[in-house]
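This report looks at an annotated residue and at a sheet elsewhere in the chain.

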Amino acid sequence: MKKYNFNAGPCILPREVIENTAKQILDFNGIGLSLAEISHRSKNFQPVIDEASALVKELLDVPESYSVLFLGGGASLEFHMIPMNFLVKKAGYLNTGVWAKKAIKEAKMLGDVVEVASSADDNYTYIPKGYEVPTDLDYLHITTNNTIYGTELHNDPDVPVRLIGDMSSDFLSRPVDVAKYDCIYGGAQKNLSMAGVTFVIVKDDALGKVDRQIPTMLDYRTHVDKGSMFNTPPVVPIYTALENLRWVKAQGGVEAMAKIAKERADLLYGEIDRNKLFRGTVKNEEDRSYMNICFVLNDEYNDLQQEFFDFATARGMVGIKGHRSVGGFRASCYNAQTIEGVQALVDTMKEFEAQH
């Protein structure tokens, strides 16, 4: 039976990316050594990180004044590194979910933090609008896609201050105006690579503005100066990211990714809205995530939750259970997800409806 991977993270990856990585783990570029055991400072690995950085810049049209980094620690470490490197007097945060809330908690350890807007009043099921951004902020931090609740910012907001974006789960899924940001970061395991590496795009001249002493490993300048090689980088996840970046380019780049993302989302949301058993958890269509599509059974059918999960699992759907904090169901449709996979889930929902 064919499996359809809707896991929220680690993510689905293109089959050729997985196969190419597996080949290199056995024998990296024919040198007789595994990718997993070569020196990160060898002439064999340097081209990997160079090409991966160059592809990020090419695909997102990153200005020359920015550096691309591949680091360890995940986005959770970045929650602390961001204010450590950028918070001088006051920072603003848009509170749109669990991960934004965690970022706010870390920033408050280092300075004055303003929560410019929040959707916590309705369990984060919408993106705040019409809020005023103070002009004296060092930056406004946004989480562009909220994996748990299924909301997404589909455009880079126009605000009077510099932006910092956690793009863990929608990276490379749409064009981004990088010039609006001082920093873009994210854990790669949602839409770029396997777990173990974090991507960072940072504006070089935005660094070095804070007065505090920054620990060496938490200072972005350390990693910019050393080209992500200050300490041993996670070579296998970086290689997987390279293969995935090559794949995105071959598909037509982020413009092509954005087009298919909307096609997948329209297909699944269309069935959720049509099917009498289900309803979406995000009411405003403009706030609905294309990456993480969340839905629940209508109240009168709530007792069918386990039955539907078992029904879908038996038909090859993997990872559709909603986050434990919200329940229901979640179909994560990252770049590598196919229309075929989404159609299979839609057909499953229709079949389950017919039985009830």
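The model is predicted, with local features requiring pLDDT of at least 70 and side-chain atom pairs pLDDT 80 or more, while totals for chains, interfaces and linings use all residues. Residues are numbered from 1 along each chain as its sequence is written, and side-chain values use heavy atoms, without hydrogens and water.

According to an unreviewed UniProt entry, Lys190 carries the annotation "modified residue: N6-(pyridoxal phosphate)lysine"; such annotations may be inferred rather than shown by experiment. Lys190 lies in the loop between β9 and β10. Helices (H or I, at least four residues) and strands (E, at least two) are DSSP runs, numbered from the N terminus. Lys190 has 13% relative accessibility and is therefore buried (under 20% relative accessible area, 1.4 Å probe, protein chains only). Beyond neighbours within four places in sequence, Lys190 is in contact with Ala8, Gly9, Cys11, Thr147, Ser168, Ser169 and Tyr334 (heavy atoms within 4.5 Å).

An open antiparallel sheet has the strand order β11-β12-β14, where pairing requires at least two DSSP bridges between two strands.

| Strand | Residues |
|---|---|
| β11 | 278-280 |
| β12 | 292-297 |
| β14 | 329-332 |

β11 and β14 each have a single partner strand, so one side of each lacks a neighbour in the sheet. From one strand to the next, the twist averages 30°. β11 and β12 are joined by three bridges, and Phe278 stands opposite Leu297. Helix α8 (residues 305-314) packs on this sheet and touches β11, β12 and β14. The direction of α8 makes about 30° with that of β14, where axes are lines fitted to C-alpha atoms, for helices over the stretch in contact, and angles run from 0 to 180 degrees between N-to-C directions.

Conventions. Buried means under 20% relative accessible area, exposed over 50%, partly exposed in between (1.4 Å probe, protein chains only).
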